[in-house]
Amino acid sequence: MPAPKEKLLKFLALEAERNFDNKAVVGGLERVQQLWEMDAREARLPEDLIGKISDRLVTYKTLSPEERAAAVEEMMTLLGHSQQPLRNNKPSVSGKSAPYPPPAPQPKHSVQHGLAPQREQTSSGAPAALSAPLTVLKGIGEATASTFKSLGIETLGDLLYYFPRRYDDYSALKPIHRVQYGETLTVIGTVMSASAREARGGKLKITELIVSDSTDYLRVNFYNNPYIIRQYPPGSQVVLSGKIEQYLGRKVMNHPAIESLEREHLNTNRIVPVYPLKPGVTQQTLRKAIHQVVSFWSPRVQDYLPAELRQEAGLVELRTALQQIHFADSNIRLSEAKERLAFDELFLLQMGVLRQKRNWEASQARSVVISDEWLESVVQRFPFELTNAQKKVIAEIRADFASGKAMNRLLQGDVGSGKTAVAALAAMMVIQSGAQAAVLAPTSILAEQHYQNLTRLLTAGDQPLLTPDQLRLLIGDTGLKEKEQIRQDLASGTIKLIIGTHALLEEPVQFSDLQLAVIDEQHRFGVKQRAALRAKGDNPHLLVMTATPIPRSLALTLYGDLDLSVLDEMPAGRKPIETMLLHPLDREKAYRLIEKQVNLGRQAFIIYPQIEQVDEEDDGSKAAVNEHRRLQSEVFPHFKLGLLHGRMKANDKEREMSAFRDGQYQIMVSTSVVEVGVDIPNATVMLIESADHFGLAQLHQFRGRVGRGGDASYCLLIPSADNAIENERLATMVETNDGFLLAEKDLQQRGAGDFIGTRQSGIPQLYLASLMDARLIEKARKLAQKIFAVDPELSAPEHQRLAEMMERFWKDGKGDIS
């Protein structure tokens, strides 16, 4: 048999004779790459040589004829062929490096995440063609490549980073006589017989194989797959992976994964990856394509983490992680791979938010120095005592204002914890220095609520802090004449504090000297909207507020670029809301309590998880539209009930809530849209139906909608079914009113999904990392801080690959310094 060098030289010589048409081998030179690489390794050729030759073979199809001539000549030289001009009058390229094709166009969005490399480097420093199209792979033609495109897979790099969604563990191998019913495992045997029959009037074709391994027999059924008999005729040695079932007392496998014993096993006898699919793509086809890429390219991927930092973090190499995440040798190796790739996501996320924080801190802002005497005089005019938590946050804001750097602070506090009072004091600090402040709210009704509260705080009394002309409201419903006057007064500096909605962001709105932007319920605004408000001033200070308590591990990850302030203390005198868990059969008790409270002049909310009941099968959960009709006609015919849900237009929702606030409705039937909304001081009952369908964070927000007026208030939880009465989340709600404790428990029980939506500022999507993993988050943060401390610009040679990876990871969302 010819040695690998001689064998490939013959192919290359024939390719030169054929004018480099890529037909010296059926299917093209790239088809011989994998087999040649295996032969070369068996012959113990140098790895450097194998890598260079394989690179040229796998990219050969993408080259122009001139580039192919150069590549063939370089390969022949590497293989020890004496230098001779190539035939057919091709231009001599002796002494030149083979040119490489430019990168293939990248997909607009990376398949799994921003970690997918575009043009990595091989160990020899030559560029690897991970940007090459899928058609360079064996068995992938234009038609198959087109179906892969529906998954977002267009290049070899996309395949390498298309991670499994789960795994089937078929690594347990047993002889047939030892298998037990219900086990999922692998058996190896010989096909003794094969037969086919029809069932269900010919609609179902069953192919049956009898497989033996000399210890026992196993019946194996395949449905509507008649080709099995031709693929695995009697005498074939096969590997079967699946679940052992029982039929008429016999051991049976129904439609298992099957492969020939002689072939490499991608679907059986191992931990088998299961990938997200779309119509037209099968697991077998996808595994085969990914295996080609993983086998060849993952060993050539260069790690962006310096070796000493990787070792300090106890992580496997990137190339190992990429191999094992797809085709794991064991569960231990799979866990190591998941940890490394999840760490990468968290680490790059931390690096990004640290970069954003540094960029913000580097920006200069006007220094505002506040004296103790002035602050004390303002606080004394408030009709309530500040809590210790409020005093602490105000001290943090004072320090920010005096620093000469632009403040970028997140204020998180439970419903009713006093965020508005803190925002009012922050605004007055800026106003007393001669500047202006703005408060941006997501809806008109919330803007009106802020306007009314701030008016009571700042313009009331014998010595008001502001005059009515200095504190104004600008919303969509503001009249044209009034809008024009407000714009003039903002531009002239007459207005010191403006409260508004998106109307504040419009082009005609210009400030004389905006130095503080306060954004309420900041998750309701996107990056461009926050940037538009900041652009109205000269690098103004920024205070963003949220009523959703965020667990510490999540705050470090999602808000690492912000300084965090927490209001974890409720104002004195506020009564805790009594929370009760009711059996579904005790619903009448809830109705009677609502009726009693309404007769006393109070109001109530009733919350449902769905807008409308569409399924005929009753799962116990109820819907707002259906129940609104029933409650109005059968349960509360003497009261007027409003209806609120997500399909209503924004203006209609605000109209309904305004009517409820003004007392036109006694009871508001709603879906979760009321979660963060208007303050209804007269509401004392919150009834939540199918409460087990909501997370703790949502339930706590619902509960915070009542009890704002000082009267005794109630939160009633009714699960959707009897067996949910012991639901752990609901029991926790009864036990505590602490929003931060509930947030931590919600993160543990339900994951981070409910919290991720609270930040819409370009945070890259995480596919493997869990925001519940405080240990890995802390490890990633410490390593990111260590690198930032010595090389914040990532300009050191050892951090070059890290800088490139950062750009890829953040390319779809640069983040926002707010």
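1. A quick word on terms first: helices here are DSSP runs of H or I with at least four residues, and they are numbered from the N terminus. This is a predicted model, in which local features need pLDDT of at least 70, side-chain atom pairs count only at pLDDT 80 or more, and totals for chains, interfaces and linings use all residues. Residues are numbered from 1 along each chain as its sequence is written, and side-chain values use heavy atoms, with hydrogens and water left out.

2. Let us start with Ser 444, which belongs to helix H15 (residues 444–458). Ser 444 is buried, its relative accessible area being 12% (buried means under 20%, with a 1.4 Å probe and protein chains only). Leaving aside residues up to four places away in sequence, Ser 444 touches Ile 475, Gly 476, Thr 501 and Glu 654 (contact means heavy atoms within 4.5 Å).

3. A pocket is an open set of points on a 1 Å grid over the protein atoms alone, with protein on both sides within 12 Å along at least five of seven lines; lining residues have an atom within 4 Å of a point. The volume of the second largest pocket is about 1100 Å³. Of its 40 lining residues, Gly 416, Thr 420, Asn 453, Asp 679 and Arg 708 are the closest to its centre. The lining is made up of 15 nonpolar, 15 polar and ten charged residues (Asp, Glu, Lys and Arg count as charged).

4. What about enclosed space? The whole structure holds three cavities of 30 Å³ or more, a cavity being a set of grid points where a 1.4 Å probe fits but cannot get out. The largest cavity has about 110 Å³ of space. Its lining includes Glu 30, Arg 31, Val 58 and Trp 297. Helix H8 (283–297) is one of the helices that supply at least two lining residues, and its four residues are the largest share.

5. Finally, have a look at helix H3 (residues 47–59): its 13 residues should span 18 Å at 1.5 Å a residue, and its end C-alpha atoms are 18 Å apart, which agrees (the expected span is 1.5 Å times one less than the number of residues). Ten of the 13 residues of H3 are buried, so H3 is largely enclosed by the rest of the structure. Among the buried residues are Leu 49, Ile 53 and Val 58. Their cover includes helix H1 (4–17), H2, helix H4 (65–78) and H8.

Key. Buried < 20%, exposed > 50% of the residue type's maximum accessible area, 1.4 Å probe, protein only. Points joined across faces, edges and corners; volume = space filled by probe spheres on them.
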